[in-house]
Amino acid sequence: MSTPYQEALGATLIDRTIREKIVLVAVALPDQTDERVDQSLDELELLVDTAGADVVGRVVQRRDAPDHTWYIGKGKVDELKELCLAVDADTVVFDNELAPAQQFNLEKVLGRTAIDRTAVILDIFGQNAHTLEGKAQVELALLRYRLPRLRRGKGAKLAQQRGGVGARFGGGETKIEVDRRRIMRRITKLESDLKDLAATRDLQRKSRRRSGLASVAIVGYTNAGKSTLLNRLTDAGVLSEDRLFATLDPTTRRLALPGGEPVLLTDTVGFVRSLPHGLVEAFKGTLEVAAIADYLVHVVDAGAVDPEGQIAAVREVLAEIDADHVPELIVFNKSDLAPDDAAQLVVDHPGSVAVSAVTGDGIDDFLRTLADRLRALTNVVELLIPYDRGDVIASVHREGEVVSTTEAEKGLTVRARLSDASAGRLAEFVVAEAG
Ligand SMILES: Nc1nc2c(ncn2[C@@H]2O[C@H](COP(=O)(O)OP(=O)(O)OP(=O)(O)O)[C@@H](O)[C@H]2O)c(=O)[nH]1
Ligand SMILES: [Mg+2]
């Protein structure tokens with residue numbers, strides 16, 4: 001008998017005996033450059049590959065707004081259908097988020113499964129969840145995604161017969177009415193289980209707090225090298241792979257910092273652009289480690305195509321989980337692969353460091369910086385920052401913790417906990433060491 005979890009994942013996970021053939025579709029809206037759309041599709045291709053299928057074609061349409069019925073225009077739908085027939089595609093994956101009705105309409109016309117980026121990410125998460133909590137979180141996100149998509153339809157039925165990626169996410173479901181009720185009951189149960197798990201974690205956390213150790217969370221874009229860094233610093237033995245979302249469950253290890261007290265270092269789930277909101281919501285319990293950490297180590301792949309975009313995407317998720325108030329130390333990783341990029345990024349981001357988690361290059365400097373920043377959490381300085389120096393105000397917020405701000409005639413008076421290094425860099429604005 002299958003467990004409810006397996007059932008939510010579907011008997012038809014990606015069929016790995018055959019590699020499914022996938023056509024990617026994107027709509028370029030006016031605020032997106034062609035380059036941005038291509039990058040996003042490259043990433044989607046990587047996601048599809050991680051999920052265990054092959055991309056065999058791409059279709060892009062520039063539009064002022066999505067079509068109400070099919071997301072792309074009717075002419076483009078016909079073109080897409082032709083292409084699917086020509087390459088014998090099993091499934092089409094939209095980079096944009098499809099409404100349940102659009103998904104249904106597309107499946108009907110195309111005669112094959114149509115899913116979106118969210119479904120692919122959910123699929124990968126489903127494959128990578130191992131702990132009780134991880135599984136419960138993924139199942140919850142999956143069920144919430146599926147609920148509005150339960151529906152009878154020709155395309156959907158076909159998808160179910162064929163199996164594959166889409167079958168779990170597509171409209172395909174035959175015993176719908178019963179299922180809807182059951183899914184709703186299951187969602188309620190999972191929500192309450194997760195609440196219990198959160199309570200247990202809360203207790204564990206309190207006992208850790210009593211240990212008096214500072215906590216540091218490693219966050220960052222998926223595949224940035226977070227787990228590799230944790231392994232380099234401790235003997236955590238966490239799985240690190242050239243694979244997206246390899247880590248779903250947080251691992252915590254003790255780390256001795258140079259000249260400082262030990263800290264608790266936690267590896268976390270990676271972020272990605274347009275991380276489905278439902279998933280973030282479901283993973284709140286796990287992501288909470290970032291929100292309650294004393295400091296964030298934000299790992300960035302210096303050799304990524306668009307590191308700035310990845311930083312922005314990570315910060316967006318941090319804001320969503322209320323972790324944007326936690327000070328961060330940006331670590332540009334993989335300096336062995338992209339030494340020039342890493343050096344430039346460090347210049348562009350004052351206060352950041354460059355490392356290679358693989359060769360160990362820069363690690364000592366990183367550890368000293370982190371120790372200094374943590375000591376600084378108790379080090380309050382007062383700064384007077386002219387109103388036109390929004391950049392400085394932003395640095396203070398990022399590198400330290402703002403205690404209070406007062407508007408003065410010459411500028412903003414900011415009292416903040418800052419590391420010696422940050423205070424030194426901002427020396428021209430420091431008016432007092434408040435102790
Ligand atoms: N060359 C090089 N490769 C690295 C470095 N750090 C990590 N990698 C590689 O990058 C890939 C991803 O590393 P992980 O540590 O799994 O990345 P992660 O951020 O934990 O990824 P997720 O858990 O999937 O979000 C692996 O293939 C690592 O070997 C580095 O400093 N240099
Ligand atoms: Mg990892």
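A: Helix H9 (residues 226-233) contributes the most to the shell around ligand 1, with 3 residues; helices (H or I, at least four residues) and strands (E, at least two) are DSSP runs numbered from the N terminus. The model is predicted, with local features requiring pLDDT of at least 70 and side-chain atom pairs counting only at pLDDT 80 or more, while totals for chains, interfaces and linings use all residues. Residues are numbered from 1 along each chain as its sequence is written, and chains are lettered from A and ligands numbered from 1 in the order in which they are written.

In total, 23 residues surround ligand 1, and the closest are Gly 225, Ser 227, Ser 240, Thr 247 and Gly 270; a residue is near a molecule if its C-beta atom, placed from the backbone, lies within 6 Å of it. By type, the shell around ligand 1 divides into 7 nonpolar, 11 polar and 5 charged residues, where Ala, Val, Leu, Ile, Met, Phe, Trp, Tyr, Cys and Pro count as nonpolar, Asp, Glu, Lys and Arg as charged, and the others, Gly among them, as polar.

As for the rest of the chain, the protein has 16 helices and 14 strands. Of its 435 residues, 45% are buried, that is, with 20 or more other C-beta atoms, placed from the backbone, within 10 Å of their own. Among contacts (C-beta atoms, placed from the backbone, within 7 Å) between residues at least 6 apart in sequence, 69% join residues at least 24 apart.

Conventions. Buried ≥ 20, exposed ≤ 12 C-beta atoms within 10 Å, placed from the backbone. Contact = placed C-beta atoms within 7 Å.
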